[in-house]
Amino acid sequence: MTDLYKPLCSLKEGHWFKLICGASFQHLPAVRNLTLAYTLAGADCIDVAADPAVIAAAQEALAVAKSLASDAQQRGFAYQSRPWLMVSLNDGEDPHFRKAEFNPQACPVACPRPCEKICPAQAIVFDRDRFSGVVQDLCYGCGRCLPICPSDLIYTRAYVSTPGAVAPLVLSTGVDALEIHTQVGRITEFKRLWQAIKPWLNRLKLIAISCPDGDGMIEYLWNLYRIIAPLSCPLIWQTDGRPMSGDIGDGTTLAAVKLGQKVLAAGLPGYVQLAGGTNDYTVAKLKAIGLIKGSEVKGQKSGKDNNPLSLKSNHHSLTNNHPYISGIAYGSYARVLLSPILEQLEHTPMNQATVVPSTRLEDNQELLWQAVKLANSLVSQLKSM
């Protein structure tokens, strides 16, 4: 197996790590630097917005990471090969595909601005001499500002993936994987998007389907599988426990784990990967209940998938022969973890001859390896299993 498929080995072995930059996060310097740091720390997949400029920024970081591979390995980091680059699409309205908006001129002068304080992306700013409002490239749609506005002035603008834009992304930008965000009850919408993707499947290394919990979820996922099977590439079911909340606290990971257990129990063909509320506590929680390979609870036995819908002839539509989580995706927590360093980078001159700071992490070697060390503190939790 070539280095290009090392990520698949991680998936099979149960230590797949995915960085979610954000389906609505389009701040190019941050995407580039997050991609670089987590790639050098050993990430298997980088998930970015389906935006050519964002994809290009991530690809540039992947190339820089390759040039720094030997240095990273000498420092003891887990980088082995280029991670797969994934873009996220949606078949309907979804909280991951939206931006907050409001008119700052309408804000009362005496407002304490709780929206500015609560925004994890620091996307809400007030500076009437320059710019006030939502920095659109930074906003990733978490929605925490909506209920906290005393004047109820904040709203969201959502968008849906255009099927016609899928093919150019896959054909011309070197994307390795696609993730479809869906919700229970959107069979018609899913079929429409799938038909747009289908002609280009032979160019992809991975398909992922992300779905939050809801009444009839398992039946809905089985219906989706009937639509997409057979596949010529691996399939991931991403269980979106509590979307975009991993940086809030340890309790958010419980929703992610609980939903992962539910999908595992259904025996769906493919791999199960957690998301939505994942953070520094997630691996420990999975270890405690034996849901990571190698950390079985005493007396636990591997399960068998006897579902007649499993396609035995398709080796990529892998059945769940064990009750394990195959990987974890980290979004808001992974980004917030590195935010102090990325903020420091923005205010650190490249050298004494210039007062203009560089936005490229590799231009400041000290901050670069600090960022990789922090990223590694999260990645290594899975890689050390």
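**Exercise 1. How much accessible surface does the protein have, and what share belongs to carbon and sulfur atoms?**

Step 1: The accessible surface of the protein comes to about 16,600 Å². Areas like this come from the Shrake-Rupley method with a 1.4 Å probe, and for residues only the protein chains shown count as cover.

Step 2: Carbon and sulfur atoms hold 53% of that surface.

A word on what you're looking at: this is a predicted model, where local features need pLDDT of at least 70, side-chain atom pairs count only at pLDDT 80 or more, and totals for chains, interfaces and linings use all residues. Residues are numbered from 1 along each chain as its sequence is written, and side-chain values use heavy atoms, with hydrogens and water left out.

**Exercise 2. What percentage of the residues count as buried, and how many helices and strands are there?**

Step 1: Take the cut-offs. Buried means under 20% relative accessible area, exposed over 50%, and partly exposed in between (1.4 Å probe, protein chains only).

Step 2: Of the 385 residues, 54% count as buried.

Step 3: The protein has twelve helices and twelve strands. Helices (H or I, at least four residues) and strands (E, at least two) are DSSP runs, numbered from the N terminus.

Step 4: Now for contacts, meaning heavy atoms within 4.5 Å. Among contacts with a separation of 6 or more, 78% are between residues 24 or more positions apart.

**Exercise 3. Look at strand S12: are its two faces covered or open, and which strands pair with it?**

Step 1: Here's the background: in a regular strand the side chains alternate between the two faces of the sheet.

Step 2: In S12 (residues 327–330), Gly327 and Ala329 sit on one side, with Ile328 and Tyr330 on the other. They are all buried, so both faces are covered.

Step 3: Check the neighbours. Two strands pair if DSSP finds at least two bridges between them. Strand S1 (residues 16–20) runs parallel to S12 and is joined to it by four bridges. Strand S11 (residues 271–275) also pairs with S12 in the parallel sense, over two bridges.

Step 4: Find Ile328 again. This residue is the bridge partner of Phe17, and of Leu274 too.

**Exercise 4. How many residues of strand S10 are buried, and which way do they point?**

Step 1: In S10 (residues 235–240), six of six residues are buried.

Step 2: Leu235, Trp237 and Thr239 point one way, while Ile236, Gln238 and Asp240 point the other way.

Step 3: Strand S9 (residues 206–211) runs parallel to S10, and five bridges join them. Opposite Trp237 in S10 stands Ile209.

**Exercise 5. Which residues have the most contacts inside the largest nonpolar core?**

Step 1: A nonpolar core is a set of buried Ala, Val, Leu, Ile, Met, Phe, Trp, Tyr and Cys residues joined through side-chain atoms within 4.5 Å.

Step 2: The largest one has 103 residues, and Tyr38 and Val48 have the most contacts inside it. Helix H12 (residues 365–383) gives the most to this core, with nine residues.

Step 3: Apart from that core lies another, of eleven residues, including Leu8, Cys45, Ala177 and Leu206.
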